Amino acid sequence: MADMPEAVCPALAIAGEFTIFTASTLKEQILQTIRQAEMTEVEIDLSNVTEIDSAGLQLMILAKIEALGRGKNIHFTRHSDPVLDLIDLCDLAGFFGDPVLIRSKN
Amino acid sequence: MNLDDALKTFVIESRELLENMEEALLKVEQSPDDADLINAIFRAAHTIKGSAGLFGLDHVVVFTHNAENVLDMVRAAELRITSELVALLLETCDHMGALIDHVEAGNAPPEEVGSRSDELIDRLKSHANQGAASAPESTAMAVSEPPPFVREGDAAGSGVESDNWHISLRFGRDVLRNGMDPVSFIRYLTTFGRIVSIVTLTEAIPGADQMDAEDCYLGFELNYQTTADKATIEGAFEFVQDDARVRILPPHSKVVEYHDLIQSLPEEEMRLGEILVRCGTLTPAELDLALKAQTEARAGGELEPPIGEVLVSQQVVRPAVVEAALQKQKQVKDNKGGDAALIRVNAETLDEHINLIGELIIASASINLLALKSGVPEQIEAASVMNRLVENVRDSALQLRMVQIGATFNKFQRVVRDVSKEIGKDIQLEISGAETELDKTVVEKIGDPLTHLIRNSMDHGIESAEVRLARGKPAQGTLRLNAYHDSGSIAIEVTDDGGGLSKERILAKAIERGLVKPDQALGDNEIHNLIFEPGFSTAERVNNLSGRGVGMDVVRRNITALRGSTEIDSVEGVGTTIRIRLPLTLAIIDGFLVGVGASSFVVPLEMVEECVELTQEEIDASQGRDHLNLRGELLPFIRLKDLFDIPEPPAAIQDDEEEEGEKLAIDPELAFLLQPVKRENVVVVNYAGHRAGLVVDTLQGEYQTVIRPLGAVFNGIEGISGFTILGTGHVALILDVPGLVRRVAGRDVRRHALASNYAPSEQTA
């Protein structure tokens, strides 16, 4: 916790697989996080996501829409490589609006 | 709907389509560049082919397919519309009708129909080959699968600029559960090409509560650049073929195919900008630009232009594509508006309905009478309310059977075209009053007499081009069909600008045939009407059209059977108009009930002009000549009592009425109705401009009447056109006013003729 001094908003960290196999559980967690948040800014940490598929992507979209519907801003932060890869592939960076590192395409 | 019903619908729809096709073919001959008409023709053939395919009617499909090929070439401007091609297509159209007839009859078409199919297919093919010689490549494409959309101008024919493939993906719900990851397919695509742009569709994701995390809601639209062939790209989606909808458009696809794609997208109410991005026609950046322009316009206080307009004005997308997108949006809304504007009803059901309403009218008349007799005010009130409602129901029911005459008229375009080719005269048909409505049964029965009149006018009426030019007329003859409503009947006119009827020739012929005596003096009208006599023909030569045993007498008989009449206006050298008058409906009329002795008669109300009393002075003044002076005009009249030989009411009935006298005394109005003061009245009727008076005993007022035809035994009775049943259960005869008026008019003409010929003897008499 010490290395997150500006963690003023409640955060959820998703770790490991963010796929069809974990989707059901993660859906509840994400929705709960959004609903219980007392602040308007909600942060979800993706730094430890090792694998993501369409199911994970769908959940991210759902979270974004749900948060907006409740007048909150959701931020996905510290995207891991697989997440960045997928967002890039689907051209959804603009949709999420989170600052991401633009990697050189090689 | 079982298969039989579906097949019936197919037959009906095909007939309608063929009718439209024929109509469009006739019009397209005049304006060969009208894209709308050409498309209408193509669509008709295309739809019939498609529907026939559903029913497995292979012979129809094969035949129609060939026609469609030729039409597609016309549509792609590879073939020109020529009168030769139109003739061939009209034959094709007729033959398709014949094939449909066999489908309806449920039998396989006989040999000769099959060989006719082959013959026409050969001719269509050879016609197509002439065109194909100039553009072989596109023909081959057209044959494979012509897109059912309009190709507009040159913009439509060429492909879009994009060098890239366009891939449209919609994944099924269970894709994830089945162990497949949609994005992995997209990732796979990157192994042999480059994704230029991609749009992820997220709309399908439901609200948080309904969403199942294991369902797939995603869709993608890709703009994809690759050197691989279509098979390779298709192969990428081999595993999800059953679980996803994949559409792949090759580079430089025609605009129509983008149309197609937009039309087939499942999403509703999507914003135009998004559709365009999905099509790959626009990049998101282009869309952003457009959006910015829109925002600026809004900030500047201008009315926000719809995004489609902005895009077009900036030349980013082709107007045709925008149009397709807009059309899709409109369609979505229209569909929601409900499309059940028309329903098909079996004609028999409708007739049954009208019959029942007829019975209802009789029953309500009877109730009305009983209420009147009972003298209970509430009952009279209730009965009159019901009467009014029944009248409304009758009107709306009759309206159901009303159809516009336009469809019937349009059929004659073909007749005129064919006949003018056949007899080598250039004749055009002009139609007016096509929106005039009349009863469906009348429309059906008027077709044959009209055909005959038209053929007759073309053959005998309109002169050959040389004669016309010599007479200072345009070389092209004009035939005019007109319809209008006139005092409760419909008048249909067939007018030609031909030579008119030659009175001398008609008279000479009539004398030769013994129809008139040489010394007989006839009025113009009488002479003209002679052409309706059996066995009368002034044609010097018998050709294909005339002299086939269907004379003008048959025309008149058919029209008389419809309670109609015919009139001729003709001026020699200028032209002839033959006017048919028909009652608007055959079933129910508003009648005027009159009494003569103990009998009741009904006069159709539309023909009644007024009623006047026939006073003793007028009878004296007429000197037994059956004419009376009506406000200074001479009005011939007929005494119905004499005409039908009606005796004075027998005493017995009067006794009965006297017994009821006490009751009648309570209500003087009723007493007057049932036993009016003895006097004679004249009902003045007007038909086709002729007026006549009918002398009756009592006037009993308006009465709705269901016309029932007389049995065959009484069919020939003059002056009666039918009967009806009164509320009391008595029978009333319906007067044939046209017949009576003709009789009076005829009598007058003869008298005048006699007067002019034998003036001295008339004076002595």
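How many residue pairs are in polar contact between chain B and chain A? The count is eight, with both residues of each pair at pLDDT 80 or more; a polar contact is a pair of N or O atoms within 3.5 Å, in which, within protein, one must be able to donate a hydrogen and the other to accept it, and residues adjacent in sequence count only if both atoms are side-chain atoms. The model is predicted, so that local features need pLDDT of at least 70 and side-chain atom pairs pLDDT 80 or more, whereas totals for chains, interfaces and linings use all residues. Residues are numbered from 1 along each chain as its sequence is written, chains are lettered from A in the order in which they are written, and side-chain values use heavy atoms, without hydrogens and water.

The contact (heavy atoms within 4.5 Å) draws 25 residues from chain B and 20 residues from chain A. The buried area, defined as the accessible area (1.4 Å probe) lost on putting the two parts together and summed over both, is about 1,900 Å², and carbon and sulfur atoms give 64% of this area. On the side of chain B, B:A208, B:M211 and B:A213 lose the most area to chain A, together 27% of what that side buries.

One salt bridge (a side-chain nitrogen of Lys or Arg within 4 Å of a carboxyl oxygen of Asp or Glu) is found across the interface. This salt bridge joins the side chains of A:R35 and B:D209, at 3.5 Å from N to O.
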